[in-house]
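Reader: I am new to this structure and would be grateful for a close look at one part of it. Please take a single residue as the starting point and then widen the view.

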Amino acid sequence: MNINIKNITHKYDVDVLHDISFILEGYKSVAIIGISGSGKSTLLRLMSGIERPTSGDIYIDGQNVLDPLYKKHIGFIFQHHNLFPHLSLEENITLVLEKTRGVDKLTAKETAHKYLSLLHLEDQVYKKPKNVSGGQAQRASIARALSVDPSTIFMDEPTASLDPILTFEVLSAVQELRVLGKNFVFVTHVLSFVRDFADYVVFMHEGNIAEHGTPDILDHPKHQAFKDFMMKVK
Ligand code: ADP
Ligand code: MG
């Protein structure tokens, strides 16, 4: 994946991202870490094009993320699964494929079953979200995001609402997705997952990228805020 962030500033009532410029080439799985309020979710939303920055531009694989075509090539997983509650896991996927991609019913069903099986949900396809565990529902959201064959998947603390066992279930399922060859950009507090899955780590502090590098930076933090962070989370 090729990430090019050019002079990104983002303001709500106050500035939350301060003129971030960042270029990264050739990594497939990028973790964004940092304390609450450091701007991780904001940066992730801007990179996925679901929110427009106050100023600056972001290009992923050469494409401006605000280009409507870019949206067709990404998936976004939120903290809480956002499945349609009145639809089965299968229908959650077939609806998206039929309505947004014009896929025929039979192909949509086959695709739904393929991705639900990949996330180990083959026995849950006809259940509604409220009748499966939080981890299964989150895995179904991941299956739904994958079903449109995106090139990049963004995940914002996908296990924040789950207990440790379900967190493990979801994160091991995500690790198995490596074989799909997709790009991942994700925010998480689970550092063991960062070590196992990320090939690049970005540490954010007060609206800036304070330190970045391959996962071994976790063992040798240089920036004081990163040192403090690693002391607290270990
Ligand atoms: P993180 O994901 O690292 O916890 P966020 O990107 O969510 O950080 O937030 C960065 C800062 O921006 C925080 O101070 C937060 O309160 C503020 N913020 C985030 N989203 C909004 C919003 N929609 N409206 C106003 N302020 C926001
Ligand atoms: Mg956040």
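Which residues does Asn183 touch, not counting residues up to four places away in sequence?

Author: The model is a predicted one, and the description below should be read accordingly. Not counting residues up to four places away in sequence, Asn183 touches Met1, Tyr27, Lys28, Asp61, Ser151, Thr152 and Ile153. Asn183 itself belongs to strand S8, which comprises residues 183-187. Its relative accessible area is 6%, and because buried means under 20%, Asn183 counts as buried. One of the residues it touches, Lys28, is also its partner in a polar contact: the side chains of Asn183 and Lys28 are joined at 3.2 Å.

A contrasting position is Ile50, in the loop between H1 and strand S4 (55-60). Its relative accessibility is 41%, and Ile50 therefore counts as partly exposed. Leaving aside neighbours within four places in sequence, Ile50 has contacts with Arg45, Phe76 and Phe78. Its C-alpha atom is separated by 28 Å from that of Ser117, a residue 67 places apart from Ile50 along the chain.

Arg45 leads on to ligand 1, as Arg45 is among the residues around that ligand. Helix H1 (residues 40-47) supplies the largest share of the shell, with four residues. A polar backbone atom of Gly37 is 2.7 Å from an oxygen atom of ligand 1, and a polar backbone atom of Gly39 is 3.1 Å from an oxygen atom of ligand 1. In the side chain of Ser41, an N or O atom is 2.8 Å from an oxygen atom of ligand 1. Taken alone, ligand 1 exposes 550 Å², of which the protein buries 58%.

Definitions and conventions: Residues numbered from 1 in each chain as written. Chains lettered and ligands numbered in written order. Predicted model: local features only at pLDDT ≥ 70, side-chain atom pairs only at ≥ 80, totals over all residues. Heavy atoms only, no water. Near = heavy atom within 4 Å. Polar contact = N/O pair within 3.5 Å; in protein donor to acceptor, adjacent residues only side chain to side chain. Areas by Shrake-Rupley, 256 points an atom, 1.4 Å probe, with all protein chains shown as cover. Helix = DSSP H or I, 4+ residues; strand = E, 2+ residues; numbered from the N terminus. Buried < 20%, exposed > 50% of the residue type's maximum accessible area, 1.4 Å probe, protein only. Contact = heavy atoms within 4.5 Å.
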